[in-house]
Amino acid sequence: MSLNSEIYGFDRSGAGWQMLQAQSISCAPRFTPSMWVQLLNPPTAYSSDQGRLLCQVAEDQWLAWVPDYGELLLTTDEFCSLSED
């Protein structure tokens with residue numbers, strides 16, 4: 001048992017650690033096509049600060065439509081969910 005295990009009272013290879021990992025993964029936001037999201041940095045001062053997700057391009061990239069701008073490729077750190085999940 002390592003020092004960290006003794007301090008925090010769990011073994012990272014045990015069931016407790018796996019349960020903790022599963023809970024943290026389930027808390028991650030889930031984005032879906034047609035979902036409206038809040039843009040953290042709108043593309044222009046005249047465009048909307050919200051966008052509608054069109055499709056997922058990569059694990060961390062989405063194609064979105066932004067009113068008064070058009071289509072835009074976003075990474076998941078450039079927007080957040082509008083709902084309070």
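Predicted model: local features only at pLDDT ≥ 70, side-chain atom pairs only at ≥ 80, totals over all residues.
I count strands as DSSP runs of E, at least two residues long, numbered from the N terminus. Two strands pair if DSSP finds at least two bridges between them.

Residues are numbered from 1 along each chain as its sequence is written, and side-chain values use heavy atoms, with hydrogens and water left out.

Next I checked one pairing. β2 and β3 run antiparallel over 5 bridges. Arg52 has Trp65 in β3 as its bridge partner.

Then I turned to the core. A nonpolar core is a set of buried Ala, Val, Leu, Ile, Met, Phe, Trp, Tyr and Cys residues joined through side-chain atoms within 4.5 Å. I use buried for under 20% relative accessible area, exposed for over 50%, and partly exposed for in between (1.4 Å probe, protein chains only). The largest core has 11 residues, among them Phe31, Met35, Trp62 and Phe79. β1 (36-39), β3 (61-66) and β4 (70-75) each give two or more residues to this core. β3 gives the largest share, 3 residues. In soluble globular proteins, nonpolar side chains tend to be buried together.

Beyond four places in sequence, Met35 touches Arg30, Gly51, Arg52, Leu53 and Ser81. Contact here means heavy atoms within 4.5 Å.

Is Ser47 buried or exposed? I found Ser47 buried, because its relative accessible area is 11%. Ser47 lies in the loop between β1 and β2 (50-58). Leaving aside neighbours within four places, Ser47 contacts Pro42, Val66, Pro67, Asp68 and Tyr69.

Last, I looked up Cys80, in strand β5 (residues 79-81). Cys80 counts as partly exposed because its relative accessible area is 32%. Which residues does Cys80 contact, leaving aside neighbours within four places in sequence? They are Phe31, Val37, Gln38 and Leu40. Val37 is 43 residues from Cys80 along the chain, and their C-alpha atoms are separated by 5.7 Å.

Notes:
Helix = DSSP H or I, 4+ residues; strand = E, 2+ residues; numbered from the N terminus.
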